[in-house]
Amino acid sequence: MASERFYRRGSINSLQSNTSDEDMVEIAGAPLDFSLADDVPPLDREPEKEPTVYNGAGMNGASKIMDFFDEPVPGVGTYEDFNTIDWVREKSRDRDRHREIASKSKESLCALIKGLSDAFSGWLVMLLVGLMAGAIAGLIDMASHWMTDLKEGVCLVGFWYNHEHCCWTSDEITFEQRDKCPEWKSWSELLLNQSNIKTILSGFIIRGYLGKWTLIIKTITLVLAVSSGLSLGKEGPLVHVACCCGNIVCHLFTKYRKNEAKRREVLSAAAAAGVSVAFGAPIGGVLFSLEEVSYYFPLKTLWRSFFAALVAAFTLRSINPFRNSRLVLFFVEFHRPWHLLELIPFILLGIFGGLWGAFFIRANIAWCKRRKTTVLGRYPVLEVLIVTAITGIIAFPNNFTKMSTSGLISELFNDCGLLDSSPLCDYVNEANSTKTIDNLPDRAAGKGVYTTIWQLALALLFKIFITIFTFGIKVPSGLFIPSMAVGAIAGRLLGVGMEQLAYYHRDWVIFKGWCNPGADCITPGLYAMVGAAACLGGVTRMTVSLVVIMFELTGGLEYIVPLMAAAMTSKWVSDAIGREGIYEAHIRLNGYPFLEAKEEFTHKTLAMDVMRPRRNDPPLTSLTQDGMKVEDMEAIINDTTYSGFPVIVSKESQRLVGFVLRRDIIISIENGRQRQDGIVSTSIIYFTEHPPVQLPDNPAALKLRAILDLSPFTVTDHTPMEIVIDVFRKLGLRQCLVTHNGRLLGIITKKDILKHMAQMANQDPDSIMFN
């Protein structure tokens with residue numbers, strides 16, 4: 001018997017429920033300690049809410065005698081939506097499938113061919129996932145760029161060209177004015193013969209799971225959301241899109257369609273492919289899936305994730321959506337290595353990133369809680385319209401908030417040259433300078449740079465606060481790009497300040513040894529890149545995968561040490577303020593039963609302190625291996641809402657035999673009534689190999705041994721909880737049974753563990769430490 005619940009019953013179809021063991025975890029009061037007086041303690045259980053009545057009668061039918069051990073029943077062993085996966089059971093089922101294929105392959109050529117195709121199906125799935133993810137990402141990139149520019153104007157020679165592509169073939173412009181070609185006309189020039197109007201586009205999302213309609217709708221609305229100008233990115237939604245592709249491909253292969261654990265391995269690889277096409281970072285995508293996404297990540301999944309990310313990146317490169325023959329999103333070319341003393345400002349950026357990350361998480365979670373109690377929570381479309389209107393009104397006067405966030409980051413990463421027309425590069429150039437264009441010395445800032453500093457400062461404040469309210473609205477939204485934008489702005493401001501400080505004060509001790517007159521000492525674009533990594537690390541608490549994504553994203557491999565220093569500093573600072581990243585915070589906000597691997601449980605409690613039932617609770621609901629009637633089983637199903645039941649030898653001995661799921665019992669009884677003659681309410685149900693002795697005039701018995709898990713995971717009542725928690729994490733258990741000298745005492749579920757950990761943390765906030 002587990003604390004996970006199904007609420008609608010009565011037939012196979014009615015097993016589709018709205019709640020399950022992924023329901024919101026309610027933190028109850030502290031557990032009550034009790035000691036065992038003898039070998040058979042009271043077996044009781046917390047009372048549950050009144051369930052909907054299940055009625056399996058009236059389904060007599062076929063004449064065939066059904067043996068569930070020899071003929072599997074459709075639906076048995078499957079999961080409801082949002083259910084926790086039993087990884088141990090799924091791995092066992094996969095081993096059984098391999099043994100069956102291996103034994104049959106020795107008997108016939110067809111079975112051998114089927115076995116070989118099954119062996120290579122995993123790589124085929126990864127190939128299809130990578131191709132689909134790369135193609136869809138390329139389509140999204142091109143469409144979002146086109147719609148972003150469509151807000152400003154249209155190309156007269158081809159409306160499907162964005163601004164940059166429209167001006168490529170123009171012969172009437174110079175390199176300095178490459179964005180001002182006569183083929184591109186703004187809407188104000190076409191309609192009003194002016195050049196100061198703006199159109200805002202917005203998109204919506206229909207919430208779903210991982211099906212084909214979710215893929216289609218999210219792909220379309222992601223383009224609208226990215227091009228709308230909202231403070232969001234496409235990276236998180238692209239991971240969702242790639243997972244939709246993985247889930248769709250899984251339905252093509254029985255190996256993955258009928259095994260949830262194998263499907264989750266595909267989804268882990270799909271997440272890696274999603275990050276790969278979002279940033280052009282295949283290695284970073286694999287590490288991101290390993291570090292942040294996957295609960296279970298075996299070595300085989302690592303290689304297949306790498307293959308899927310590689311195929312996705314290759315497909316995106318073949319489509320070439322950026323038309324620059326590069327895969328990376330923000331390619332940088334810095335012409336001077338960093339100096340050791342620059343680690344000080346890099347660490348300062350790390351501190352800023354940690355403070356920003358902690359502030360953003362607390363503010364965003366507080367707003368998400370508030371949203372549920374306001375009108376905006378009940379009318380999400382209205383919230384999207386309000387946030388879009390506020391964003392457009394405030395962002396329009398500032399050139400750096402008016403442009404797309406990706407374009408802003410790209411400009412902030414840029415190392416200024418003589419041909420750059422951006423106001424960020426408005427420096428005073430020396431007329432007699434003999435330096436090449438790619439190796440300019442530090443120069444005095446011009447009027448445009450000082451004006452830009454004020455605009456960037458206002459853009460920083462705007463991005464900080466608008467992202468809090470944008471992340472979480474009902475549109476496809478990612479957090480990577482907005483977080484990077486905040487850090488890039490802060491880094492560029494600090495970089496310009498350090499550059500001017502070094503230019504006017506080269507005789508200072510900190511500059512005297514390495515910053516000579518006429519030299520290129522400070523690279524402000526590098527500071528923007530480090531700041532972007534710091535803020536992204538402060539929000540997500542990523543470390544290794546973050547650094548790899550950043551140097552893949554920019555191509556700046558030689559700057560890995562500054563990136564590492566900023567990422568580690570931001571994590572330390574943000575962890576000192578709040579122990580959860582944005583993903584963990586939202587998981588906890590939604591009440592999902594997720595055991596965070598970063599938490600270390602240090603209390604000296606035992607399994608008997610956490611297991612159910614407790615003292616004064618109702619008796620533990622269990623089944624006997626034989627002697628129970630169909631009507632008895634149906635009564636238990638009607639009177640309880642538990643998703644599983646332990647099976648014992650008898651009520652007197654309480655010796656544990658196995659564990660059976662509620663869903664499997666309902667399906668098996670219904671199939672037994674339909675397909676086996678003589679199954680009525682008074683029929684005996686048995687879980688043993690041989691039927692019990694019955695009188696000749698008794699109705700036929702129903703054998704359900706095939707659905708019985710004969711090897712449920714068990715612990716003794718004196719097992720330390722730190723070991724129990726470790727077992728749940730590493731084996732992916734849904735529940736474990738507690739025994740004493742072979743006798744069943746109770747059960748521990750994942751929710752029980754989460755409640756216990758929360759209660760211990762509330763009693764002693766310093767008791768749960770993070771690695």
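**Close-up 1. E383 is a buried residue in this predicted model.** Its relative accessible area is 2%. That is under the 20% limit, so E383 counts as buried. The side chain of E383 forms a salt bridge with the side chain of R371. The distance is 2.7 Å, N to O. R371 is buried as well, with a relative accessible area of 6%. The two residues sit in separate helices: E383 in helix α13 (residues 380-395) and R371 in helix α11 (residues 343-371). The pair links distant parts of the chain, 12 residues apart.

**Close-up 2. E580 and R588 join in a salt bridge.** Their side chains meet at 2.3 Å, N to O. E580 has a relative accessible area of 23%. Buried residues lie under 20% and exposed ones over 50%, so E580 is partly exposed.

**Close-up 3. A salt bridge connects E689 and K703.** Here the side chains meet at 3.6 Å, N to O. E689 lies in the loop between β8 (684-686) and β9 (702-703). K703 belongs to strand β9 itself. The pair therefore ties together parts that are 14 residues apart in sequence. How accessible is E689, and does it count as buried or partly exposed? E689 is partly exposed, at 37% relative accessibility. K703, in contrast, is buried, with a relative accessible area of 9%.

**Close-up 4. R541, K571 and D575 form one network.** Salt bridges that share partners join these residues. Across the whole structure, a search finds 10 salt bridges. Among them are the pairs E383 with R371, E580 with R588, and E689 with K703.

**Close-up 5. Three strands make an open sheet.** Their order is β5-β8-β9, and the pairing is mixed. Which strands stand at the edges? They are β5 (628-629) and β9. Each has a single partner strand, so one side of each is left without a neighbour in the sheet.

**Close-up 6. Strands β8 and β9 run in the parallel sense where they pair.** The pairing spans 2 bridges. I685 stands opposite L702, a residue of β9.

Terms used
Residues are numbered from 1 along each chain as its sequence is written. This is a predicted model: local features need pLDDT of at least 70, side-chain atom pairs count only at pLDDT 80 or more; totals for chains, interfaces and linings use all residues. Side-chain values use heavy atoms; hydrogens and water are left out. A salt bridge is a side-chain nitrogen of Lys or Arg within 4 Å of a carboxyl oxygen of Asp or Glu. Helices (H or I, at least four residues) and strands (E, at least two) are DSSP runs, numbered from the N terminus. Buried means under 20% relative accessible area, exposed over 50%, partly exposed in between (1.4 Å probe, protein chains only). Two strands pair if DSSP finds at least two bridges between them.
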